[in-house]
Amino acid sequence: MRTAAAASILILLLSFGAKAQSIYGMNYIGEAVHMGSSRHQALGYSAVAVQDTINSVTPNPASTADLPMGTLTFQQVLSASRVYFLDFSSKQTRYQVPTFTVSFPIRKGLVMTTGYRTRYMGRADFVYQRDIEGAPVAYENYKLDSSLYILPVIVAWRPFDALRVAGEAQFNFGSIIDKVNVWFDDLNYRNVDSQRRRNFSGLSWGASLLWEAHPRLWLGCNIDGAVNYRVDEVVENTTSVLDTSTTFDYTLPLALDVGFAANAFGRWWLSSSYWMRAAADPAGFPQLEGSVGDETHIGVGIERRASNEGHILNRIPIRLGFYTDKWHLQFPPGQEVNSMFLTFGSAIPLGKSPGAIDYTLEFGRIGSKAENFVEENVFRLGLSFSVAEPWSKRSTKRH
Amino acid sequence: MMKRIYFAYALIAAIAVLALSAGCGTDAEGPVTRPFHESGWYSPQAGDTERYIDTLRNVSMIEIPYGIGHSSILKLGEIKGVRYTTLLMQFRYDSLANYEGMTVDSVILDLPVITVQDTLFHLGVTFNELLEGFSEDDTITSPPAYDPDPIQGANEETVRDISFERTEFSINKTIVQEWVDGTADPWPHGISINWAYVPDTLGLIEMYAQDYGTNPPFLNVLFDGGTEVILPVVSDYAITEDRITDLAAAGGTARRIYFEFDLDGVPELAALNYSALVFHTDGSSGLGATYGEMLVGTSTDFPYYLYTPDSSDPDDPGMLEGTGVSRSLIPVTIDAKIKIPLGQYMIDVLNGSRVNTVLVLQSDFEATRVQILAIFDTAAGDSIRPYIEIIYTMPTDFQGKR
């Protein structure tokens with residue numbers, strides 16, 4: 001476990017210096033981050049009804065009731081995209097902050113999980129040139145650093161062989177930081193800086209269910225309760241008399257995820273899910289009045305599960321998926337922003353351990369030039385890393 | 001074994017992420033973000049950046065009577081409106097006591113001239129015995145009292161003509177013979193060398209001063225029998241008269257320029273990017289160093305000191321001291337646009353923590369060197385008149401355009 005933790009920290013360190021998500025995330029509260037490990041990513045995030053006995057990061061917390069050992073899971077996504085607007089294009093490489101959770105079986109069928117998970121995030125860093133007569137060239141620099149995250153405490157229970165349920169306390173935190181900076185190509189010129197920082201905090205609840213309706217049919221549901229955030233806003237400027245601070249409330253509405261997983265034949269399983277969150281009132285974001293709508297996700301996945309026998313190719317899973325998202329924001333106002341992704345993935349088993357390295361490739365598009373003026377073609381690489389060891393007290397030898 | 005596998009997998013993953021990251025790269029986002037920004041979807045909007053020119057309410061000079069005693073070079077004549085009217089010299093007479101009973105054959109005053117501008121310049125002067133003492137440490141702006149009857153030469157001449165070729169002047173030997181015989185004291189306060197008349201063409205004669213360390217002016221007393229005694233100068237002083245007509249800051253004489261301005265055109269909420277006092281130097285009227293000073297390795301740059309005075313009233317002594325804003329070097333013998341950044345001073349003025357809107361420019365070597373920084377005044381054309389330049393940015397609007 002110690003070596004696994006060190007390896008995981010190595011992955012975590014790689015994420016430092018992380019940049020943005022989709023360019024569409026450079027506003028409001030950012031881009032929704034889907035729940036799940038790279039296994040679930042490979043299934044088009046359609047796996048709310050998929051039983052998982054390896055990963056602690058899952059789209060359905062009730063699934064963690066099946067973890068037989070102490071389990072640590074990291075998930076990291078690298079995104080590379082090319083953004084198009086008119087005749088301009090820009091290639092971007094970005095990381096998500098990793099998601100990680102650790103699960104501790106208290107007794108068989110009763111598992112406690114905690115960790116870190118990002119709900120929404122957005123990052124941007126762009127600059128425009130300013131020409132001022134009689135002065136050196138000036139630059140207008142904008143930076144967005146937005147992250148709303150959860151520190152969940154989950155208790156998952158399997159009261160019957162066919163049923164898993166979970167309750168979740170969500171400690172919500174995060175911040176949206178906008179920095180604006182005007183600077184010159186001359187050290188004699190002073191930067192003029194402004195920053196608006198909004199710190200979010202709030203407690204929310206979640207509940208989930210995973211039901212084995214039939215050995216070949218599983219149903220799943222996850223309710224992610226509404227979050228009533230308290231937002232502390234501080235605006236700081238180079239001219240300090242302009243500094244302000246204020247507090248307001250912002251409610252992130254409840255999200256609901258429902259789906260099924262069905263054994264089509266042999267080791268092949270089909271899964272699908274529908275996730276939605278109602279439109280939020282954009283309190284604190286008056287410029288977005290009339291531009292916020294319901295957010296939805298529809299995913300479909302096919303998985304050929306791994307066999308414990310046979311050729312090496314039989315021992316690894318094969319996963320394919322498709323998903324489409326409707327963003328919570330409309331751009332231009334009234335015009336939906338949609339994204340579509342194809343996913344492909346597999347896993348490398350970790351020897352005789354129940355752990356695995358799951359990996360996923362995603363290819364997709366966010367927005368379109370015809371409808372949204374801006375189109376982003378995206379390639380994503382997802383990696384997750386799960387390790388497990390029995391959760392027991394070590395014996396102490398006495399000499 | 002399992003631990004090795006875990007670590008190997010993690011390492012492979014790390015390398016893969018790094019390789020992808022390095023291979024993909026990231027462009028500047030600039031143009032592709034415009035639709036979001038210009039529509040207000042992404043709301044922060046930086047305020048406008050503007051350039052403001054304050055043409056100055058008033059630019060004037062303060063004249064401060066001043067004199068410089070310690071100098072490596074003594075000067076007579078005039079350069080760039082600074083007239084060197086008088087030289088004061090004191091000699092060391094101690095050794096004369098050893099020659100009692102001897103007969104003086106001749107006496108020569110030797111002035112170690114090193115350069116004359118221009119080379120044909122010559123100046124008629126008289127040597128007069130000083131009736132008062134002087135000190136190099138004092139500020140002397142006019143000659144101390146002296147005997148109006150000039151010291152005569154060997155042929156009883158009173159007006160001597162100094163030029164590059166003529167630097168040795170005879171002194172009536174009977175004067176010195178009386179010193180040797182003890183019937184008269186040597187000139188107790190020394191002599192002054194004064195202009196005998198104003199020449200048609202002005203120029204400058206430069207010679208080593210005793211402060212240079214070697215080769216000072218001296219009296220050469222030659223006795224019968226060939227014995228020679230040198231009486232070197234032990235204290236000397238060049239007195240100046242300020243005849244500068246241009247708008248100038250000058251050391252030595254001395255002059256300072258003060259600039260009065262207001263910032264009514266700068267919005268109250270503006271955040272300062274840059275501010276500067278801008279002026280154009282008039283190289284033809286500037287003086288960095290005389291030729292003689294350059295020969296002894298003196299710098300030609302004008303070290304300036306810009307300060308905000310304790311009082312904005314030119315008649316108040318508080319105008320002569322205050323808080324420093326900037327100090328550096330300026331070349332003064334070429335026409336150039338000079339910008340002196342005003343830094344924190346202007347920030348303080350704009351945010352109201354400082355109300356004084358006057359700046360004073362002076363030579364930072366005001367007490368040690370005669371130098372002139374001449375600038376074009378407010379009556380000059382727009383391209384060369386002085387002004388205050390301010391570049392500011394208005395506050396960011398975080399609520400955006402919509």
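Accessible areas are taken here from the Shrake-Rupley method with a 1.4 Å probe. On that basis, in this predicted model, the accessible surface of chain B comes to about 17100 Å², and carbon and sulfur atoms hold 49% of that surface. Among the 402 residues of chain B, 53% count as buried, where buried means under 20% relative accessible area.

The overall form of the chain can be described next. The C-alpha trace of chain B spans about 115 × 70 × 35 Å along its principal axes, and its secondary structure consists of five helices and 22 strands. The radius of gyration of chain B is 33 Å, whereas the globule rule gives 21 Å for 402 residues; the value is well over that figure, so the chain is more spread out than a compact globule. Of the contacts in chain B with a separation of 6 or more, 81% are made by residues 24 or more positions apart.

Four strands of chain B form an open sheet in the order β1-β22-β16-β19, and their pairing is antiparallel. At its edges lie β1 (49-54) and β19 (336-341) of chain B, each of which pairs on one side only, and neighbouring strands of the sheet are turned against each other by 25 degrees on average, with direction ignored.

Within this sheet, β16 (residues 271-281) and β22 (residues 387-393) of chain B run antiparallel and are joined by seven bridges; Tyr274(B), for instance, has Ile391(B) in β22(B) as its bridge partner. Helix α5 (residues 343-350) of chain B packs on the sheet, where the helix touches β16, β19 and β22 of chain B, and its direction makes about 120 degrees with that of β16(B).

Key. Residues are numbered from 1 along each chain as its sequence is written. Chains are lettered from A and ligands numbered from 1 in the order in which they are written. This is a predicted model: local features need pLDDT of at least 70, side-chain atom pairs count only at pLDDT 80 or more; totals for chains, interfaces and linings use all residues. Side-chain values use heavy atoms; hydrogens and water are left out. Two strands pair if DSSP finds at least two bridges between them. Helices (H or I, at least four residues) and strands (E, at least two) are DSSP runs, numbered from the N terminus. Axes are lines fitted to C-alpha atoms, for helices over the stretch in contact, and angles run from 0 to 180 degrees between N-to-C directions. Contact means heavy atoms within 4.5 Å. The radius of gyration is taken over C-alpha atoms; the globule rule is 2.2 Å times the number of residues to the power 0.38. Buried means under 20% relative accessible area, exposed over 50%, partly exposed in between (1.4 Å probe, protein chains only).
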